[in-house]
Amino acid sequence: MTQGINLKASVQYTVPAGATVADVLQVFRSPHWVSYMMRYIVPQLKASTPAIKTALDTCPRVQCLATTDSHTDKDNDCVVCMNPNNSDESLVLPCGHIFHEACIGSWLRLRSTCPTCRYQFEKEISGRYAIRCINSALILDNVEPTKEEMLARRIGGQTLMVAVHVTLVQATQYAANEKYPCVLNAAVMRSPVQQSSSLSSAVTGGSSAPHVRRKSSRLASSPPSSATTKRVKQ
């Protein structure tokens, strides 16, 4: 059973009027931000439902022979790739439907049901999970030369993108109403588009391309904080 889940999301965040970059980083380190992120975490967690890795271990292999009956051939098609099941690399699921082994294997790494009848396999992700860590990075196009100037920059009223990485851990060993520590990290990152543009102009600006070393896009950060969160049920 999976012991941890990592989720990534790009979130649009409207900065309160008059706020600075430092104010936004402080929000990212608050319990309010955890509550705000729940609207993104829960749908992604529900969508992350691959079948267990051993789901196909007991499924028998079969060889489907091609026929001259177009209707019969259509019934024998693998509905994942829409090609005939006319090789010995096909599997019969417990529900009776037949698929190419590679096709159904790829399908069940993302979902936990039969593509035809929605027969439910055991899920790789199940049980109760707690948010262990939220790393939030505010994406800015233009950056100031120093950390102090960056943190003092006023960005109130703007709608900006935030790159969020959430780590969840299984919490089945805890009581249902227990709270869990959650580490909150906040940082500022330069827009990848601006990085690419700057790198391109530096390389092509002269007759001979200088050596360019890409620096880390993490420009400013605040110390990690902690909060408590209740469980997320999958």
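Student: What makes Tyr13, Val27, Phe28, Ile134, Ser136, Val162 and Val164 count as residues in contact with Trp33?

Tutor: Contact means heavy atoms within 4.5 Å, and Trp33 meets this with each of those residues, once its neighbours within four places in sequence are left aside. This is a predicted model in which local features need pLDDT of at least 70 and side-chain atom pairs count only at pLDDT 80 or more, while totals for chains, interfaces and linings use all residues. Residues are numbered from 1 along each chain as its sequence is written, and side-chain values use heavy atoms, with hydrogens and water left out.

Student: Why is the set of 34 residues called a nonpolar core?

Tutor: The name applies because a nonpolar core is a set of buried Ala, Val, Leu, Ile, Met, Phe, Trp, Tyr and Cys residues joined through side-chain atoms within 4.5 Å, where buried means under 20% relative accessible area. The largest such core has 34 residues, and Phe28, Trp33, Ile134 and Leu138 have the most contacts inside it. Among the elements that give two or more residues to this core are α1 (21-28) and β5 (128-140), whereas α2 gives the most, with six residues. Apart from it lies another core, of 15 residues, including Leu56 and Trp107.

Student: Why is Pro16 called partly exposed?

Tutor: Its relative accessible area is 42%, and partly exposed covers what lies between buried, under 20%, and exposed, over 50%, with a 1.4 Å probe and protein chains only; therefore Pro16 is partly exposed. Pro16 touches Gly156 and Gly157, not counting residues up to four places away in sequence, and its C-alpha atom is separated by 5.2 Å from that of Gly156, 140 residues apart along the chain.

Terms used:
Helix = DSSP H or I, 4+ residues; strand = E, 2+ residues; numbered from the N terminus.
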